[in-house]
Amino acid sequence: MRAVLDSLSPGVKIAFSYGSSASADELVLAGSSVSVNDGQGLLTFRTDYPVPSIILVPTEPYLAQLVGGRVEVTSVVRG
């Protein structure tokens, strides 16, 4: 996930999801980090750009883009 966010550049939108099962761990974006509880503890990875405070749910589609030096992440509504 960190690699996806760090690869953004202005004007580029990336559609993504993660995990192959809805029972996978949630990812927490906050400040300038991505965190996940892997069952043995909290793993936190720094990001190149500030990220919104949002909890990402596995298998759900999202859209990420870089706006004004900050990452925006939005849920994609399935139709």
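Before the details, a word on conventions: residues are numbered from 1 along each chain as its sequence is written, and side-chain values use heavy atoms, with hydrogens and water left out. Since what we have is a predicted model, local features need pLDDT of at least 70 and side-chain atom pairs count only at pLDDT 80 or more, whereas totals for chains, interfaces and linings use all residues.

Let me begin with strand β4, residues 62-67, where helices (H or I, at least four residues) and strands (E, at least two) are DSSP runs numbered from the N terminus. By buried I mean under 20% relative accessible area, by exposed over 50%, and by partly exposed anything in between, with a 1.4 Å probe and protein chains only. As background, in a regular strand the side chains alternate between the two faces of the sheet.

What does β4 pair with? Two strands pair if DSSP finds at least two bridges between them; β1 is joined to β4 by 4 bridges and the two run antiparallel, with A64 in β4 as the bridge partner of I14. β4 also pairs with strand β5, residues 70-75, in the antiparallel sense over 6 bridges, and there V67 has R70 as its bridge partner. β4 and β5 form a hairpin with 2 residues between them, and G68 in that turn has a positive phi of about 60°.

Now to the core. A nonpolar core is a set of buried Ala, Val, Leu, Ile, Met, Phe, Trp, Tyr and Cys residues joined through side-chain atoms within 4.5 Å. The largest one has 15 residues, of which L5, L29, L56, V71 and V73 touch the most other members. Strands β2 (27-37), β3, β4 and β5 each supply at least two residues of this core, and β2 gives the most, with 4 residues. Taking contact as heavy atoms within 4.5 Å, and not counting residues up to four places away in sequence, L5 touches L29, V34, T47, Y49, V51, A64 and V71.

Leaving aside neighbours within four places in sequence, L8 is in contact with I14, Y49, A64, Q65, L66 and V71, and the C-alpha atoms of L8 and A64 are separated by 8.1 Å although the two residues are 56 residues apart along the chain.

T47, in strand β3 (residues 42-56), counts as buried because its relative accessibility is 10%. The side chain of T47 reaches the backbone oxygen of Y49 at 2.7 Å.

By contrast, A15, found in strand β1, is exposed, because its relative accessible area is 64%. Not counting residues up to four places away in sequence, A15 touches Y62 and L63.

I will end on T59, in the loop between β3 and β4, whose phi is near 70°, a positive value in a residue other than glycine. Most residues other than glycine have a negative phi. T59 counts as partly exposed, because its relative accessibility is 25%.

How values were computed:
Polar contact = N/O pair within 3.5 Å; in protein donor to acceptor, adjacent residues only side chain to side chain.
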